[in-house]
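Visitor: I have a few questions about this one. Can you walk me through it?
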Amino acid sequence: MKTLLPLVAVALFAGAPAALAQSDDTNTDAVGPMVTDNKVDTQTFVATVPGANEFEIQSSKLAQQKSASADVKAFAAQMIKDHTKAGEDFKAALSQGQTTASIKPAGPALQPKEQQMLGELKAATGKEFDAKYIKMQTDAHKDAVALFSTYANSGDDPTMKEFAKKTLPVLKMHEKHAKELAVAHQG
């Protein structure tokens, strides 16, 4: 299974398509940096979070427009709210970080994999849309939780570590809700 780049939001924004942690398989086609040896460097973290966060927001805006399911729309609204705040918190942490002054994040621009996933969502309708959106959110938040957990434990910038620690519970909540949506929308 390919790793989704949504993260961070990072997940954050989580989250999310975040090029974060490689799944249990050894697929070399996985997109983005991998979490290795239980460590993520600040450059990787800072480069991954904005795009992942932007994917969460854009895909959730699509869900609000295209989903016919009230629970999916409610989840999407929460994603937009939380990931917008996470993006603001990320920018604040970046400006205050001890080792981030020379690091320029890629900005909110989406990576090619994230753009491809948004394209898939735009083309989908009805239950197919909901299924794709829920799967992407579940995978993105799994990756985001891995990225943020690892950075919170091993990061070398105290301000960014604090941001990761502060954001992690929100990402875990998103992951749990996405899994609940997946169960609710099976079949």
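Visitor: How many residues does helix H6 have, and what does it span?
Guide: H6 covers residues 158-184, which is 27 residues, and runs 39 Å from its first C-alpha to its last. That is close to the expected 39 Å, the expected span being 1.5 Å times one less than the number of residues. Helices here are DSSP runs (H or I, at least four residues), numbered from the N terminus.

Visitor: What kind of model is it, and how are residues numbered?
Guide: It is a predicted model, with local features needing pLDDT of at least 70, side-chain atom pairs counting only at pLDDT 80 or more, and totals for chains, interfaces and linings using all residues. Residues are numbered from 1 along each chain as its sequence is written, and side-chain values use heavy atoms, with hydrogens and water left out.

Visitor: Back to H6. Where does it bend?
Guide: At Leu168, by about 35°, and Pro169 follows within four residues. The bend is the angle between axes fitted to the seven residues ending at a residue and the seven starting there.

Visitor: Which H6 residues are buried?
Guide: Among them are Phe163, Thr167, Leu168, Leu171, His174 and Glu175. Buried means under 20% relative accessible area, exposed over 50%, and partly exposed in between (1.4 Å probe, protein chains only).

Visitor: What does Asp157 reach at the start of H6?
Guide: One of its side-chain oxygens comes to within 3.0 Å of the backbone nitrogen of Thr159.

Visitor: Different spot. Is Phe90 buried or exposed?
Guide: Phe90 counts as buried because its relative accessibility is 4%. Phe90 sits in helix H3, residues 70-96. Pro50 is 40 residues away from Phe90 in sequence, with the two C-alpha atoms 8.1 Å apart.

Visitor: And how does H3 pack with H2?
Guide: Helix H2 (residues 42-66) and H3 pack at about 155°, with axes 8 Å apart. Axes are lines fitted to C-alpha atoms, for helices over the stretch in contact, and angles run from 0 to 180 degrees between N-to-C directions. H2 and H3 are therefore roughly antiparallel, a label for angles over 145 degrees.

Visitor: What about H4 and H5, how do their axes cross?
Guide: Their axes come within 8 Å and cross at roughly 155°, so H4 and H5 are roughly antiparallel to each other.

Visitor: Where is Thr125, and is it buried or exposed?
Guide: Thr125 lies in the loop between H4 (112-123) and H5 (126-154). Thr125 counts as exposed, because its relative accessibility is 54%. Its C-alpha is separated by 6.9 Å from that of Lys66, 59 residues apart along the chain.

Note on methods: Helices (H or I, at least four residues) and strands (E, at least two) are DSSP runs, numbered from the N terminus. A polar contact is a pair of N or O atoms within 3.5 Å; within protein, one must be able to donate a hydrogen and the other to accept it, and residues adjacent in sequence count only if both atoms are side-chain atoms. Angles under 35 degrees count as roughly parallel, over 145 as roughly antiparallel, 65 to 115 as roughly perpendicular and the rest as oblique.
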